[in-house]
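Notebook open; I want to look up the pockets, the chain contacts and the confidence here.

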Amino acid sequence: MWAVAMTDTITAERPRAGMRPVVADVLADLGEQFPDLMVLAADGHALAAGFARRFPRRFIDVGIAEANLVGVAAGLARDGHRVVVGTMAPFLVRRAAEQIRLDVCRPGLDVTFLGVGGGLSYGTLGATHHITEDLGAMAAMPGTRVLCPVDRHDAAWAVRAAVRHRGPAYVRLGARDDEIVFQGDEKFSWDAPQILGAAGPALVVALGATVGDAVRAAERAGAAGLPARVLALTVLEPFPTEQILGAARAASTVVTVEEHVAASGLGARTAMALAGRWQGRFTALAVDGRAAPVGDRAELFSFYGIGEDTITRALVGPETDPE
Amino acid sequence: MSDRNARNDAAPRVRDRTDVAAALRRRILRYAAGQAIHLGSSLSVVDILHTLGCRAGLGPATAGNRTRDRLVLSKGHAVWALYAVLAELGLLTADPPPRLPGHPPEGLPGIDVSTGALGHGLSIGAGLCESARLAGSDRRTYVVLGDGELNEGSVWEAAMYAAHRGLDRLTAVVDLNGMQQEGPTSAVLDLAPLDEKWRAFGWNVRTADGHDPVSLTAALDRAESQAGRPSVVLATTVKGKGIPFMEHSSAWHVGVLDAAQLAEALAAVDSTGGSDVGGGHD
């Protein structure tokens, strides 16, 4: 029922590639498929380059004005267009939250929001460019699907799926090169998260860009005598409650890891899913409220305790730290 | 393409404009009997909305027509004026009337866009114009803004955008009653020189008496005859217009009428000479 992909032995990080080029190709294809598709940007063309070349009349750059960006998208969608809005995640989700909620999500319009640089992806650009509450904020919008793809292969699927779906959706994309976790031949779907590794006494539920670290941590835990499986989540809304419960049943330890705050994210949602239906040791690894130091994304993962080492410790416990 | 015949059908044919203004106000006053509503700005904008509703061809036969002109009430709190207009135009006829929300809802015939948070309507109107232009339609979109609403920065994002894109089928009408919740707009956050601001943003600017359909229509006609840029009509109005004890008063920004106040207000409307024939009693 679920796509099962056994991973190769992990000895090092896999190759890296940005999500934007592949998403740009996907948007150009979707433009062919949906003659009413519009793509809107706010002074950033990387996502829409191919689409804009092929369909110049259906591409609009509104300038650096996110509230107007979403309002114009709402007007187009209200008139029957499918609309993709692609811009930097922190400014889209935080600044235009009211327009997103009232003008698009409440009336259930066909707008897909592509948030570039969600989470800590902008690294050294600092706090203004980080957004670790976007997924929870968008999941709180009525009737809105929320996707946080793992890598470029997953991002291609996520953008296609979100645009084909009728109704509002949000897809968090990386800003820089992301680790390529999947082979590219996986069958992604709305309701079947990828399962990496064999069932064991521990389960890591990892979201988006944390999956690579989670897989390496699971392998280290296995080497330390605690086999762990990774459930790689892309879809946060609708939340895969039954899939998580099913995967957790075989485990006595569940660790969630996300590049997001726990309160409105994977940690809280998983705890709600498991409450009263599962017993064991539960740890939620997430970004906390401390100000970020200057660092790239990997350094920030380490600072906030959502990277490989912390996940490993959460699985095997400090007293049996394999290091 | 706009249906000019529908416009004529929807226009009031029997009653003169004094009668229409009075009938609209009777409806608004009755909405305020026993519930707090945004009275002052509903009374200031209602003649603008009626003129635009007729101009856009709003009526039972056209409400669901995708090619007709669009009307967006960006200052959604004045929805009671819109309800009164929809009722006058035959679009809100349930008797007794349904329980109506305090801002324009989804799904009510004649309401093209749900609004209520200020500063959203002009952007949505611009999007509707983009869509019409792509479809080769000359459909027009009217967006009604409050002057207090112009405090919102998003209005000016949309203003800059619409001019940059040459959206000449977009017409904004500002209900210039000079008041906002806590007092005169000049005291809260001064808008002057408002005509120069819009002009500097690249818009055709006209002025009108917002309570006079003839003045409004002339300003709209002149503004819309200029191609290549969006138009705005700065329509001077009186907050609480038609009810002496409410006029120019921010105290009636939100108000509820008791029986005595309702009677006094209705008597004031009756004294304007408008007959109560043809509507206003439901």
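**Second largest pocket**

I looked up the second largest pocket of this predicted model and got about 440 Å³ of space. A pocket here is an open set of points on a 1 Å grid over the protein atoms alone, where a 1.4 Å probe fits, with protein on both sides within 12 Å along at least five of seven lines. The volume is the space filled by probe spheres set on the points, which are joined across faces, edges and corners.

Lining residues have an atom within 4 Å of a point. I found 25 of them, and Glu13(A), Arg16(A), Asp213(A), Ala298(A) and Phe301(A) are the closest to the centre. β9 (177–179), α8 (211–223), α11 (297–304) and α12 (308–316) of chain A each give two or more residues; these are DSSP runs numbered from the N terminus (helices H or I, at least four residues; strands E, at least two).

**Chain A against chain B**

I see 21 residues of chain A in contact (heavy atoms within 4.5 Å) with 26 of chain B. About 1,900 Å² is buried between them, 51% of it from carbon and sulfur atoms; that is accessible area (1.4 Å probe) lost on being put together, summed over both. Asn68(A), Arg78(A) and Asp79(A) supply 33% of what chain A buries against chain B, more than any other three residues.

**Confidence and conventions**

Chain A has a mean pLDDT (the predictor's confidence in each residue, 0 to 100) of 94, with 94% of its residues at 70 or more. Residues 1–11 of chain A stay under 50.

Residues count from 1 along each chain as written, with chains lettered from A and ligands numbered from 1 in written order. Local features need pLDDT of at least 70, side-chain atom pairs 80 or more, while totals for chains, interfaces and linings use all residues; side-chain values use heavy atoms, without hydrogens and water.

Terms used. Buried area = accessible area lost by both parts, 1.4 Å probe.
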